[in-house]
Amino acid sequence: MAKQKKDRANLLALTGAAALLAVALHFAASAINSHIRGSNVRVSLSAAEILRLAGRVIAKSKQVHDAIASVPLDKVTYANAILPMEELEAQQFPLVQSCIFPKLVSTSEDVRKASAEAERRIDAHVSICSKREDVYLVIKAFAARGEWMSPEAKRYTQFLVRDFERNGLNLTLTKREELQRLRAEIEELCMRYIRNLNDDSSYLLLNEMDLVGLPPEFLKSLDKADNDKHKIFLRSHHVSPVLELCKVGLTRRLVAVAYGRRCEVNLSILEKLVQLRHKFARLLGYSNYAEYAVDVRMAKSSSKVFEFLEDISASLSDLASRELTLLKDLKKKEEGDFPFGVEDLQYYAKMVEEQQFDLDFGIVKEYFPVNLVLSGIFKICQDLFGLRFEEVADAEVWHCEVHLFSVFDLGSGELLGYFYLDMYSREGKYGHTCVVALQNGSFCNGTRQIPVALFISQLQKEVGGHPGLLRFSEVVNLFHEFGHVVHHICNRASVARFSGLRLDPDFVEIPAQVLENWCYESLSLKLISGFHQDITKPIKDELCDSLKRWRFSFSALKLKQEILYCLFDQIIHSTENVDIVGLFRHLHPKVMLGLPMLEGTNPASCFPRSAIGYEAACYSRIWSEVFAADIFATKFHDGLLNRYTGMQFRNKVLSPGGVKDPVEILSEFLGREPSIQAFVDRRADFS
């Protein structure tokens, strides 16, 4: 016990200026030269060089595919059928990414255009390759032999076969053509659905009396009509503040109804889209589209998704009911006998949060200077996972504010990979925070190729001697995305296909979700914070406690709303001829504890996740969060900086990549199958 207290004291000493100085000195002392050993990523290509490289990538890929196709079916071996594909993926991925990533970060418009054009050409080539029957027959012939060199080789071959067959290569030519026709029609309808939402410019005209409670700066930002009324556009950046802050109940209802009935034409588009998806799935031998979509994910079946969502919903019902009763009582006190509706949830939840937590996020922000947060995140990840980060001096980069870091194993000194940090906003740069895999790890022909990642963000730089300060949501986002960097670097799969972030989409977010928990614990918050005018003073204990309680404020009701949409998405994609308006009207009171759907709204007409990107998979975010909560509560809650546990997580969860089934990975780490209980209990503890 004494040793544990001593360790904690040492850790707490490295906060504020000390943490920043320690990391900065370490980087300065151990910076290496500009030769990037083991990286095939090219970072400063001109527009012409990008297009030439794309041409060479396509030509090489065609050459390899042609060679595989020429192998007689009775002569197939791993060496002439599978290994060439494995090597091609490993060698070409960093070259492909060298062509594509400049569109996200380059300061040159010509380079960004060339990058986008290169991506279009490469995507078109990949599409052609995915439909090559001659290559499929050779790979299928080898798979039929069952002569596996290793479990990883077997899994890789099975994935190759699966990819071809999900493109219909095992179907007759007539059915294959029908599949392609359906795919093209589906893509067009998806684009039309999104285009309708993007093009919608409808608004409501409201006077200042209708908008009581909205801050003056928000009202000043609004356009005005000729009659001097304010224009509230039916976009989230206008609607959310109204639903959260407006004291006038009738205004909240008016705005919520108008927002929920946008783009009514999308109802018929979604109905047609779902019909075509079911046809597409049936051609491939699935009973419905949900089974097709979930088959390649951790959940494995639509029935498992339904069971998961219904278990979570039922487990949260008592807590959600108590939360709803509190809000209803508050509305009655404020507005009399007007019935409580879904349009009131945000307003009264925020009111309770302000009363209970005394949490001013403007003050919280003052404790999170950008550089201090980054150095704190680095230190936590290095200490927890047994890593060492070193800045690469004079590295070739695409902008002077970009930094390159090498990552070493702390024990052996082995070089594990690299990551680029491109953190600050600038014109022409991609507008969101994300991590891009530039090179995947692999081990081929006795040589290990190491992972390389790119971390992109849009943070504000220091201005006039004042450090850039992060909103708390940005701190959480940085920790989450850096979790992806660590995951990418620590992945030790031998085959590039199973490396990087190309993992099961139900699984790939779990490690990053686990790391978000460090943003709500006092010990780790102090390691990443310091008051901007005196960074030796970390965030106060009472603020840490308020942030932790705020995290789970009305979380049961909020999750019930998300589960409602997830169930809708899963039902329409697992059942044919569903009345989508009637389905929402039926589900809403059932899931939301009797609260009816807002009359006159059509939620399905403005639900893009079900139209494109997450069709039959809207559940995945909750899925990741639930199992991340299980991992944190079981393994890290009482040992935030326990390196033994961190190394176990690195070796058992981050290292395998796509080689193992995700449920097997989590079960091996936890010592049992994953459970929803920690996720539910955590919310109950803070109710």
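1. Over the face of which residue does Arg 262 lie? In this predicted model, Arg 262 is placed over the face of Tyr 259, at 3.8 Å from the ring centre. A second case is that of Arg 252, whose charged end sits over the ring of Tyr 347, 4.2 Å from its centre. A charge is taken to sit over a ring if NZ of Lys or CZ of Arg is within 6 Å of the ring centre and within 35 degrees of the ring normal.

2. On the basis of the values, residues are numbered from 1 along each chain as its sequence is written, and side-chain values use heavy atoms, with hydrogens and water left out. Because the model is predicted, local features need pLDDT of at least 70 and side-chain atom pairs count only at pLDDT 80 or more, whereas totals for chains, interfaces and linings use all residues.

3. On aromatic pairs, rings of Phe, Tyr and Trp (its six-membered ring) pair if their centres lie within 6.5 Å, and planes under 30 degrees apart count as stacked, over 60 as edge-to-face and the rest as tilted. By this rule the count comes to 40 aromatic pairs. One of them joins Phe 368 and Phe 472, whose ring centres are 6.1 Å apart and whose planes stand at 50 degrees, so the pair is tilted. Since Phe 368 lies in the loop between α17 (361-365) and α18 (370-385) while Phe 472 belongs to helix α19 (residues 472-490), the pair ties together parts that are 104 residues apart in sequence. Helices (H or I, at least four residues) and strands (E, at least two) are DSSP runs, numbered from the N terminus. Both Phe 368 and Phe 472 are buried, where buried means under 20% relative accessible area, exposed over 50%, and partly exposed in between (1.4 Å probe, protein chains only).

4. For Phe 378 and Phe 419, the ring centres are 5.7 Å apart and the planes are at 85 degrees, so the pair is edge-to-face. This pair links distant parts of the chain, with Phe 378 in helix α18 and Phe 419 in strand β5 (residues 415-424), 41 residues apart. Phe 378 is buried, with a relative accessible area of 3%, and Phe 419 is buried too, with a relative accessible area of 1%. Together with Phe 389, Phe 405, Phe 455 and Phe 482, Phe 378 and Phe 419 form one aromatic cluster.

5. As to the sheet, five strands form an open sheet of mixed pairing, in the order β3-β4-β5-β9-β6, where two strands pair if DSSP finds at least two bridges between them. The edges are held by β3 (387-391) and β6 (434-439), each with a single partner strand, so one side of each is left without a neighbour in the sheet. From one strand to the next, the twist averages 25 degrees. β3 is joined to strand β4 (residues 403-409) by five bridges and the two run antiparallel, with Arg 388 standing opposite Phe 408 in β4. β6 is mostly covered, as six of its six residues are buried.

6. Helix α18 lies across β3, β4, β5 and β9 (452-459), running at about 140 degrees to β3; axes are lines fitted to C-alpha atoms, for helices over the stretch in contact, and angles run from 0 to 180 degrees between N-to-C directions.

7. Arg 650 deserves a separate entry. Arg 650 is found in helix α27 (residues 643-654) and, at 8% relative accessibility, counts as buried. Leaving aside neighbours within four places in sequence, Arg 650 is in contact (heavy atoms within 4.5 Å) with residues including Phe 385, Asp 409, Leu 416 and Cys 490.

8. Phe 142, in helix α7 (residues 133-145), counts as buried at 1% relative accessibility. Not counting residues up to four places away in sequence, Phe 142 touches several residues, among them Val 76, Tyr 78, Trp 148 and Thr 157. Phe 142 and Thr 157 are 15 residues apart in sequence and 8.5 Å apart in space, C-alpha to C-alpha.

9. In helix α11 (residues 236-245), the buried residues include His 238, Pro 241 and Leu 243, and the buried residues of this helix pack against α10 (216-221), β2 (230-233), α12 (249-260) and α16 (345-357). β2 in turn pairs with β1 in the antiparallel sense over four bridges, and Leu 206 stands opposite His 230 in β2.
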